[in-house]
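Let's go through this one as a set of questions and answers. Have the model open while you read.

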Amino acid sequence: LRNQTFDGGFGPWTSWHPCNNDDPLDGVSSCLCRSRSCDSPAPRCGGKNCEGPTIEVSNCSRSEKYIFILAIVIKIYNV
């Protein structure tokens, strides 16, 4: 099996855990994240890397600062 080419394969997703998403427009949001690695198997001897996302982000909520600013805008402009 020496020098045999193996394409990479994704391992399982990790459990969901709290994380932050820093968006230049919206600021920091609290989210849930999970990840997976290209290690089942890892690419070897010129094999292809895994294709697809290695991180998933879900259930983001905007920061309190954003909500406060939005409330002021609504009050000023009666939107």
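Helices here are DSSP runs of H or I with at least four residues, strands are runs of E with at least two, and both are numbered from the N terminus. Keep in mind that this is a predicted model.

Q: Which pattern does the protein follow along the sequence?
A: By that DSSP count, the protein has one helix and three strands. Reading along the sequence gives their order, and the pattern is β-β-β-α.

Q: How many bridges join β2 to β3?
A: Strand β2 covers residues 27-35 and runs antiparallel to β3. Within these strands, Ser-30 sits opposite Ser-61 of β3. The number of bridges joining β2 to β3 is five.

Q: How many residues apart in sequence are the parts tied together by Cys-19 and Cys-33?
A: The structure holds two disulfides, and one of them links Cys-19 with Cys-33 at an S to S distance of 1.7 Å. This link is right-handed, with 65° about the S-S bond. Cys-19 belongs to strand β1 and Cys-33 to strand β2, so the parts they tie together are apart in sequence by 14 residues.

Q: Where do Cys-38 and Cys-50 lie?
A: Cys-38 and Cys-50 also form a disulfide, with their sulfur atoms 2.1 Å apart. The link is right-handed, at 80° about the S-S bond. The pair ties together parts 12 residues apart in sequence, and for both cysteines the location is the loop between β2 and β3.

Q: Is Cys-50 buried or exposed?
A: Buried means under 20% relative accessible area. Cys-38, at 23% relative accessibility, counts as partly exposed. Cys-50 has a relative accessible area of 16%, so Cys-50 is buried.

Q: What relative accessibility does Cys-45 have?
A: The partly exposed class lies between the buried cut-off of 20% and the exposed cut-off of 50%. Cys-45 counts as partly exposed, and its relative accessibility is 41%.

Terms used:
Residues numbered from 1 in each chain as written. Predicted model: local features only at pLDDT ≥ 70, side-chain atom pairs only at ≥ 80, totals over all residues. Heavy atoms only, no water. Pairing = 2+ DSSP bridges. Disulfide = S-S within 2.5 Å. Buried < 20%, exposed > 50% of the residue type's maximum accessible area, 1.4 Å probe, protein only.
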